[in-house]
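Let's walk through this model together, one piece at a time. Have the sequence and the 3D view open, and turn the structure as we go.

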Protein chains: 2
Amino acid sequence: MSKQAEFAVILKMNAMFADLGADELQRLSNLCHTQHLANGEVLFQKGDPGDALFGVRRGQVRIETGASDGSRLTLNFMGSGDLFGEVAVLDGQSRTADATAGEASELFVLRREDFLAFLEREPKVAIKIIALLCQRIRWQSERMEESMLQPLPVRLARRLCALAADFGSEVHISQEQLGVFVGAARESVNRQLQAWRKEAILDLQRGRILLRNMTKLTAIARNE
Amino acid sequence: MSKQAEFAVILKMNAMFADLGADELQRLSNLCHTQHLANGEVLFQKGDPGDALFGVRRGQVRIETGASDGSRLTLNFMGSGDLFGEVAVLDGQSRTADATAGEASELFVLRREDFLAFLEREPKVAIKIIALLCQRIRWQSERMEESMLQPLPVRLARRLCALAADFGSEVHISQEQLGVFVGAARESVNRQLQAWRKEAILDLQRGRILLRNMTKLTAIARNE
DNA sequence: GGAGAAGTGTGTCATAAGTCACATAACTTT
DNA sequence: AAAGTTATGTGACTTATGACACACTTCTCC
């Protein structure tokens, strides 16, 4: 499968472009480039000009925001097939968060200038974009509540459930990363995981978490 | 000034429609209705169908989200001239937050069906809407960081500064409301305010806060 | 295979905030 | 003006979590 066709599939999967016609999709896909990232490499930082949209071909990219004091909060975790940077590509303003490769990755890149030119040629797409943006706004609000009003066990359970949906019952992530992910200290994460291990909800290995009892975990995620 | 003309001014002020032509604006304004709310009356709740956009003609409306356990977090505080419900009116999905009148209020109402019909007639406006939505997304991200990564004094100072910008140095709000506003217990708010009073940063009265030293307050808001 | 690095397990302690329980104080209503 | 209601002030206690410190276990690389 050509690079372009692969990108078209990613676009199609991502709701933003889900109901574009095959022809529109193909013309859009033809505009893409690719880019490689080493593990830990920074793709962009807060404040950088937002001049492209990215799709993950393989690998993993963390979207995170850092407070001035160094505490970080991971907003999202993009895996194969995920798109990000839609906002920056539309309005061209600077990035609101940092993006770092969580492992060696390859990305599809759709540059702003190319995308805008496309939108100009195909105004019907603009209408669909509005719906996507609304969806994004809603998603953000939910995320907001989740991360601040809920206690750590709930946040942690939710993250694990979300990761399980992407990667199956064997989640490959360090406790440190998981800590950053839910906005908590590594030690706190560890203690909670230990407690759950004693309840046979999961098992722990170096850099890996094996989810044993998703039923209980989702119950915790729903806040009992 | 007619009701419609007044609504047109509000629309014009609110960036969403800032660069619409006077003619477009007028046709849009003609679609509005008005609605009255008593103090404490609920305009809509999370989950209600999102079938309208609102503009505050006079009064005050709180946009807040409630966790299941009853803890609440006020996301925004809409005063005269503010618009809200743009997202729901565009995608028609259910409300993501609650809206309650903070005092007796009068609202402009623009119904979804009317608005969509308008957009269909004037496709150029759709493009401008995209920019607004992007802006909204960015604003939300900032809000998110503010409210969760910062300690209470910082959040409180920021809110007071924001309120001061709207209402001057005499902010008319109860400590209870302020607590809901920054997502903290009333008592904690009180203790912090007391501490600031001892430092001559502000003065307290029943239902009222007098800001004495905005310099220090903004310093705290910037996290020292 | 030895040295170091990276990840993990756990104890102790400090601290910010929430909760509860009142005591006032200030407005409202009758 | 008496009674009730709402807003505020404050102390005592609890709890969740972060911070530090350190032991122990894998992995990796020379």
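**From the sheets of chain B to the DNA**

In chain B, four strands make up an open sheet with antiparallel pairing, in the order E1-E8-E3-E6. Its edges are strand E1 (33-37) and strand E6 (83-84) of chain B, each of which pairs on one side only. Please keep in mind that this is a predicted model.

Look next at strand E3 (residues 52-58) and strand E8 (residues 105-111) of chain B, an antiparallel pair held over six bridges. To find your place there, look for B:Val56, which stands opposite B:Leu107 in E8(B). Helix H4 (residues 112-121) of chain B packs on this sheet and touches E1, E3 and E8 of chain B, its direction making about 50° with that of E8(B). Another helix to look for is H1 (residues 3-13) of chain B, which lies across E1, E3, E6 and E8 of chain B and runs at about 80° to E8(B).

Now move along chain B to another open sheet, this one of three strands in the order E9-E11-E10, again with antiparallel pairing. E9 and E10 of chain B are its edge strands, pairing on one side only. Strand E9 (residues 170-171) of chain B is joined to strand E11 (residues 208-211) of chain B by two bridges, and here B:Val171 stands opposite B:Ile209 in E11(B). Strand E10 (residues 202-205) of chain B pairs with E11(B) over four bridges. B:Ile209 turns up here too, as the bridge partner of B:Leu204, while B:Leu202 stands opposite B:Leu211. The hairpin of E10(B) and E11(B) has two residues between the strands, and in it B:Gly207 takes a positive phi near 70°.

Helix H8 of chain B lies across E10 and E11 of chain B, running at about 125° to E10(B). How do H7(B) and H8(B) cross? The axes of helix H7 (residues 175-182) of chain B and H8(B) come within 8 Å and cross at roughly 105°, which means that H7(B) is roughly perpendicular to H8(B). From H7(B), the contact is made by B:Gln175, B:Glu176, B:Leu178, B:Gly179 and B:Val182, and from H8(B) by B:Arg186, B:Val189, B:Asn190 and B:Leu193. By class, this contact has four nonpolar, three polar and two charged residues.

With those helices in view, turn to the DNA. The surface near DNA strand C has eight charged, eight polar and five nonpolar residues.

The side chain of A:Gln175 has an N or O atom 2.8 Å from a phosphate oxygen of DNA strand C. H8(A) gives the most, with five residues.

Technical notes:
Residues numbered from 1 in each chain as written. Chains lettered and ligands numbered in written order. Heavy atoms only, no water. Polar contact = N/O pair within 3.5 Å; in protein donor to acceptor, adjacent residues only side chain to side chain. Nonpolar A, V, L, I, M, F, W, Y, C, P; charged D, E, K, R; others polar. Pairing = 2+ DSSP bridges. Contact = heavy atoms within 4.5 Å. Axes fitted to C-alpha atoms, helices over the stretch in contact; angles between N-to-C directions. Parallel < 35°, antiparallel > 145°, perpendicular 65-115°, else oblique.
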